[in-house]
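Please look over the structure below before reading the notes. The points are numbered so that each can be checked in turn.

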Amino acid sequence: MRSSLVILILVFFSGCATHVSQSNLYWGNYSNTLYMVKKEPGEVSNVAHEKELQSIVEKSKDMNLRVPPGIYAELGLYAMERSDDNAAQNYFSLEQETYPEGKILMQHTLKDKLGKS
Amino acid sequence: MRLKLLLVGSLILLMSGCVSNTTKGQAYPEMYNEKPVAILVVPAINRSTAADAPILYGSTISEPLSNAGFYVLPIELTDRFLRNEGLAEGEVLKDIPPQKFAEPFGADAVLYVTIDKWDTNYYVIGGNVTVGASFLMKSSKTGATLWSYQDEIPVNTSGDSGGGLLAALIATAIATGMQDYVPVARNVNLMTLKSIPYGKYHNNYDKDQSQSIKLSKIPTESTD
């Protein structure tokens, strides 16, 4: 009994990886990989973060969930930095389709080609 | 044994009625009037001694704020825009009315976070740590305050004598080798965002006016 309580509370605190929020979002390891990009900028952390973004898209689709805000946009930014403008445009469109509230920013971003600045 | 004490401490902290009770509807009527969806999170204002706190903190807020039902304008994009405009410092942005810079982002509201206190050395056994943060959300149409919250969480990390929610998290952080303050940041976010009226994408959107919340401090107009 006591051990099950301990486990329950540990799960509560651990931010369990497969957790889906009350807004029905799956974030995977997003906060950790993005944090590493900030903490130790470079290829290793960026590759890991981009992979995680792709995994969040796949798993969200598998679970029939909306892709969380900003995930497509960040993938678009990575594509833009590789000068893959078609992929970038595609991702920004997906962000905008998922969240119409992001339309102004997505169009602004495409116009300014921020990734190249 | 220590874990058990930490857990007991956590539960006591959770249950203690040492703060004022109110409801979301009473505390934040403007949120229910304006119903902001798209939120621009500007770089955090740093009043702590950790120079890299704002940039690291920025990686922890999208997830919980989105989970509360909002569309968080992608921070990786908005940060670049702000930097290009010479507005990378939260300190500078604080003094500019949100109506003046939020429009190009399509933001309904702007979230300002001030990191008041921070300590990256919390994992040193025997130390004391206080984590403090203030949150302020302003309408980008009127500049009025829609939501604000301030919290300060003192933690005794010296082991058996104290404990609490953060101490339990710190124990987790040590166990996972993540000797950094991201778990603390997450916890501050979680505790803080319990008070925010849910946004459009949350299951309980516009149904949480009567939900009771605890305010450790009366919300103020200023982030100072």
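1. A nonpolar core is a set of buried Ala, Val, Leu, Ile, Met, Phe, Trp, Tyr and Cys residues joined through C-beta atoms within 7 Å. A residue is buried if 20 or more other C-beta atoms lie within 10 Å of its own, exposed if 12 or fewer, and partly exposed in between, with C-beta atoms placed from the backbone.

2. The model is predicted: local features need pLDDT of at least 70, side-chain atom pairs count only at pLDDT 80 or more, and totals for chains, interfaces and linings use all residues. Residues are numbered from 1 along each chain as its sequence is written, while chains are lettered from A and ligands numbered from 1 in the order in which they are written.

3. The largest nonpolar core has 70 residues. Those that touch the most other members are Ile39(B), Leu40(B), Ala107(B), Val110(B), Leu111(B) and Val113(B). With eight residues, α4(A) gives the most to this core. Helices (H or I, at least four residues) and strands (E, at least two) are DSSP runs, numbered from the N terminus. In soluble globular proteins, nonpolar side chains tend to be buried together.

4. What does Leu111(B) touch, leaving aside its neighbours within four places in sequence? Leu111(B) is in contact with Ile39(B), Val41(B), Phe135(B) and Met137(B). Two residues are in contact if their C-beta atoms, placed from the backbone, lie within 7 Å.

5. Chain B contains 10 helices and eight strands. Of the 224 residues in chain B, 46% are buried. Among its contacts between residues at least 6 apart in sequence, 74% join residues at least 24 apart.

6. Is Gly143(B) buried or partly exposed? Gly143(B) counts as partly exposed because it has 14 C-beta neighbours inside 10 Å. Gly143(B) sits in the loop between β6 (128-139) and β7 (145-156) of chain B. Not counting residues up to four places away in sequence, Gly143(B) touches Pro97(B), Pro98(B), Gln99(B) and Lys138(B). Ala109(B) is 34 residues from Gly143(B) in sequence and 8.5 Å from it in space, C-alpha to C-alpha.

7. The contact between the chains takes 31 residues from chain A and 32 residues from chain B. On the chain A side, α1 (2-14), α2 (30-39), α4 (71-81) and α6 (103-112) each supply at least two residues. α2(A) gives the most to that side, with six residues. By class, the side of chain A that touches chain B has 16 nonpolar, 10 polar and five charged residues. Here Ala, Val, Leu, Ile, Met, Phe, Trp, Tyr, Cys and Pro count as nonpolar, Asp, Glu, Lys and Arg as charged, and the others, Gly among them, as polar.

8. α2(A) also packs against α3 (residues 43-62) of chain A: their axes come within 8 Å and cross at roughly 155 degrees. Axes are lines fitted to C-alpha atoms, for helices over the stretch in contact, and angles run from 0 to 180 degrees between N-to-C directions. α2(A) and α3(A) are therefore roughly antiparallel. Angles under 35 degrees count as roughly parallel, over 145 as roughly antiparallel, 65 to 115 as roughly perpendicular and the rest as oblique. The residues of this contact divide into six nonpolar, four polar and one charged.

9. The axes of α3(A) and α4(A) come within 10 Å and cross at roughly 140 degrees, so these two helices are oblique to each other.
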